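Please look over the sequence and the model below.

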Amino acid sequence: MASFKEAENNPETPSSPKKIYKDPDDGRQRFLLELEFVQCLANPTYIHYLAQNRYFEDEAFIGYLKYLLYWQRPEYMKFIMYPHCLYFLELLQNANFRNAMAHPGNKELAHRQQFFFWKNYRNNRLKHILPRPLPEPAAAPAAPAPPPPLPVQPVPPVPAATLGMLAASGAVPSPMPYGMPPGSAFGKSDIRSSGSERRKRKKEV
């Protein structure tokens with residue numbers, strides 16, 4: 001009887017079953033609260049607020065940050081909308097970073113670097129993702145340019161003495177040959193000259 005009463009008064013005996021806490025909604029509310037808190041860590045101003053209020057000096061809070069590293073697993077990561085929070089969660093595991101975020105200058109530096117990342121990361125990433133254009137085919141060699149035309153030599157003028165000699169010899173072709181080939185021995189028949197010669201012959205007879 002005494003041993004039975006001692007077992008009743010001492011609930012930590014091995015024979016007594018332990019009560020395990022079970023969420024009433026199967027952990028849905030806890031999941032949403034931890035998701036919201038982890039995503040708040042994407043804001044350097046919020047981390048600065050935690051450091052200013054000495055949350056990082058509490059060992060229980062440091063252990064909670066280590067516990068939240070399970071959000072880096074793929075099955076939980078897909079619910080996160082602000083992936084920078086995982087990067088800051090990793091940095092918060094370092095005591096030097098936690099102490100540095102208590103200063104406003106470091107908070108502004110982290111916020112500025114985050115802005116530059118948002119501004120330039122997409123363009124820098126697209127340079128490596130988008131396919132590069134194919135090199136243009138080599139252009140066919142151009143046809144050689146035609147040689148320039150030979151300059152026309154100007155004909156020297158014929159001196160006047162040469163023209164006179166040609167006229168005296170009768171070798172100058174007539175401008176109107178009347179169908180006779182050039183150089184013919186037969187001269188042009190003149191009707192007037194032939195008639196005057198006949199009259200002279202009649203008078204002589």
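## The second largest pocket

The lining of the second largest pocket has nine nonpolar, four polar and no charged residues. Here Ala, Val, Leu, Ile, Met, Phe, Trp, Tyr, Cys and Pro count as nonpolar, Asp, Glu, Lys and Arg as charged, and the others, Gly among them, as polar. This is a predicted model: local features need pLDDT of at least 70, side-chain atom pairs count only at pLDDT 80 or more, and totals for chains, interfaces and linings use all residues. Residues are numbered from 1 along each chain as its sequence is written, and side-chain values use heavy atoms, with hydrogens and water left out.

The pocket's volume is about 260 Å³. A volume is the space filled by probe spheres set on grid points, which are joined across faces, edges and corners. A pocket is an open set of points on a 1 Å grid over the protein atoms alone, where a 1.4 Å probe fits, with protein on both sides within 12 Å along at least five of seven lines; lining residues have an atom within 4 Å of a point.

Of the 13 lining residues, Tyr87, Phe88, Leu91, Ala110 and Gln113 are the closest to the pocket's centre. Helices α6, α7 (95–100) and α8 (104–129) each supply at least two lining residues. The largest share, six residues, comes from α8. Helices are DSSP runs (H or I, at least four residues), numbered from the N terminus.

## Aromatic pairs

The structure holds 15 aromatic pairs. Rings of Phe, Tyr and Trp (its six-membered ring) pair if their centres lie within 6.5 Å; planes under 30 degrees apart count as stacked, over 60 as edge-to-face and the rest as tilted. Phenylalanine 31 and phenylalanine 79 form an edge-to-face pair, 5.2 Å centre to centre, with 85° between the planes. This pair links distant parts of the chain, 48 residues apart: phenylalanine 31 sits in α2 (residues 28–40), phenylalanine 79 in the loop between α5 (74–77) and α6 (84–91).

Tryptophan 71 and tyrosine 76 are also edge-to-face, at 5.6 Å and 70°. Tryptophan 71 is buried, at 0% relative accessibility. Tyrosine 76 is partly exposed, at 25%. Buried means under 20% relative accessible area, exposed over 50%, partly exposed in between (1.4 Å probe, protein chains only).

## Cysteines

Cysteine 85 is buried, with a relative accessible area of 0%. Cysteine 40 is partly exposed, with 31%.
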